[in-house]
Amino acid sequence: GDFSMWDIYRAELPLYSLITPKMSGEMMQSLVQMYKEGGWMPIFPCWNSYTAAMIGDHASAALADAYVKGIRNFDAAKAYEGMRLNAFSTPYLAKDYRDGKGRRAIRSYMDNGYIPLENMVEEAFHTNEQTSRTLEYAYDDYAVAQMAKALHDSCQDAALRQKYLEDYNDLMRRSENWRNVINPATGWADGRYESGKWENNEDLVHRKSYITEGATCHYTWYVPQNPEGLFEVIRNSKPMDKQEKQIEKMERKMEKKGETPVRNEKVIARLDKMFDNGWYWHGNEPCHQIAYLYNKAGAPWKTQQRIHHILNTEYNDTPGGLSGNDDAGQMSAWYMFSAIGFYPVCPATPYYYIGTPSFDKVTFNLENGRKFEIVAEGVDDENFYIQQVDLNGKSGYYLSHDDLLKGGKLSFRMGSSPKY
């Protein structure tokens with residue numbers, strides 16, 4: 001089968017898991033069948049074949065996402081067997097590796113905790129891109145870990161449970177490898193040599209050989225499995241301009257007075273730079289989760305503001321109405337989720353970040369026979385800020401997959417001004 005996996009694991013496949021879980025499971029079984037017939041879980045399957053066309057190992061993310069969301073009509077044990085093989089091994093035969101089987105540069109990644117600049121990753125359609133690969137492998141390790149934990153929790157065999165648990169612990173440790181390519185001095189993604197020395201890049205907005213289809217400012221924010229950890233690194237980095245120096249000065253004053261400073265002002269300032277300086281690039285996938293990170297940083301109203309702007313400026317109903325290639329449906333899936341009002345920032349977890357609804361009412365007629373309604377009172381092009389949110393009596397800016405499957409009602413009251 002054909003899966004534009006680097007793109008569609010982010011939102012399109014999670015959308016199918018929500019609106020048509022039966023078909024989602026059948027798609028996952030197609031990946032399992034590829035593993036059974038070819039001996040390796042595919043990386044970027046196209047033309048009914050293995051390829052090394054893009055980076056990452058996101059079939060594993062897609063399988064884990066389906067499983068943690070309760071989809072069971074695929075062979076999960078066999079799927080995990082292939083996911084684990086990709087995560088820990090490399091093909092014995094050079095021809096198999098050249099044909100796209102296995103993660104690129106996995107030995108280098110495992111030995112160093114990142115892929116150093118000396119490794120040019122030559123047996124790939126995209127050579128180099130070491131920092132982006134490291135960030136994506138760290139996320140993929142997290143996804144495989146979630147699958148291992150879910151299988152552990154449902155397994156009755158003591159020996160197998162122990163194996164799943166060991167894998168989980170090892171992969172969760174590896175999921176923190178993103179720290180090895182986010183320069184702690186700057187708080188931005190950077191290239192790194194085998195010696196541990198950083199490139200100390202200062203050009204945040206132009207292409208670098210170690211970044212995939214973008215710039216360091218884009219990939220810095222690709223830590224969906226641990227945004228809080230990323231924010232901590234950014235907070236502890238050196239200020240990059242007068243604004244950040246002023247933020248740190250104000251925080252020190254507050255601490256001297258015994259007051260608690262706003263924890264993520266520096267993070268919010270950097271997120272603002274992405275949008276206000278024109279660095280954000282919606283036309284390619286690595287940026288797709290960035291606007292939602294304001295939620296985690298403590299400024300959900302800015303998520304609402306940025307999402308509304310993207311919906312209005314990056315999409316229209318003309319022949320050129322997408323800001324980039326639809327990439328087999330990912331660009332459209334981002335719109336679908338975001339216009340409805342929430343988004344799966346970290347696939348392989350059963351959670352969604354709330355954005356801003358565009359419709360006064362949306363009804364999910366779920367395959368389990370239940371209905372989930374989303375109602376936005378007063379929403380229009382001016383009233384896109386959430387004043388109040390209520391999910392069956394609960395409030396907050398996060399939503400679980402289980403909340404949706406239970407059915408019920410998510411209610412918004414909208415207004416024209418932010419609610420801080």
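**Sheet pairing, an enclosed helix and the nonpolar core**

Strands S1 and S2, the latter spanning residues 351-354, pair in the antiparallel sense over 2 bridges. Two strands are said to pair if DSSP finds at least two bridges between them; helices (H or I, at least four residues) and strands (E, at least two) are DSSP runs, numbered from the N terminus. The model is predicted, so that local features need pLDDT of at least 70 and side-chain atom pairs count only at pLDDT 80 or more, whereas totals for chains, interfaces and linings use all residues. Residues are numbered from 1 along each chain as its sequence is written, and side-chain values use heavy atoms, with hydrogens and water left out.

Together, 3 strands form an open antiparallel sheet in the order S1-S2-S6. Its edge strands, each pairing on one side only, are S1 (342-343) and S6 (398-400). Strands of a sheet pair through backbone hydrogen bonds.

The loop between S1 and S2 contains Ala 348. This residue has a positive phi of about 90° although it is not a glycine. Ala 348 is buried, with a relative accessible area of 2%; buried means under 20% relative accessible area, exposed over 50%, and partly exposed in between (1.4 Å probe, protein chains only). Another alanine with a positive phi, of about 60°, is Ala 105, which lies in the loop between helix H6 (94-98) and helix H7 (106-112). Ala 105 is buried as well, at a relative accessible area of 9%.

Helix H4 (residues 58-68) has 10 of its 11 residues buried and is therefore largely enclosed by the rest of the structure. Among the buried residues are His 58, Ser 60, Leu 63, Asp 65 and Tyr 67. The elements that cover them include helices H1 (5-8), H2 (12-19), H3 (21-38), H5 (76-88) and H8 (130-154). Just after H4, Gly 70 takes a positive phi of about 90°.

Two of these covering helices, H2 and H3, pack at an angle of about 130° with their axes 5 Å apart. That angle makes H2 oblique to H3. Axes are lines fitted to C-alpha atoms, for helices over the stretch in contact, and angles run from 0 to 180 degrees between N-to-C directions. Angles under 35 degrees count as roughly parallel, over 145 as roughly antiparallel, 65 to 115 as roughly perpendicular and the rest as oblique. Leu 13, Tyr 16, Ser 17, Leu 18 and Ile 19 of H2 meet Pro 21, Met 23, Ser 24, Met 27 and Met 28 of H3.

The largest nonpolar core has 128 residues, of which Met 5, Phe 74, Met 147, Trp 221 and Phe 342 touch the most other members. Helix H8 gives the most to this core, with 11 residues. A nonpolar core is a set of buried Ala, Val, Leu, Ile, Met, Phe, Trp, Tyr and Cys residues joined through side-chain atoms within 4.5 Å. Leaving aside neighbours within four places in sequence, Met 147 is in contact (heavy atoms within 4.5 Å) with residues including Leu 63, Tyr 67, Phe 74, Tyr 80 and Met 83.
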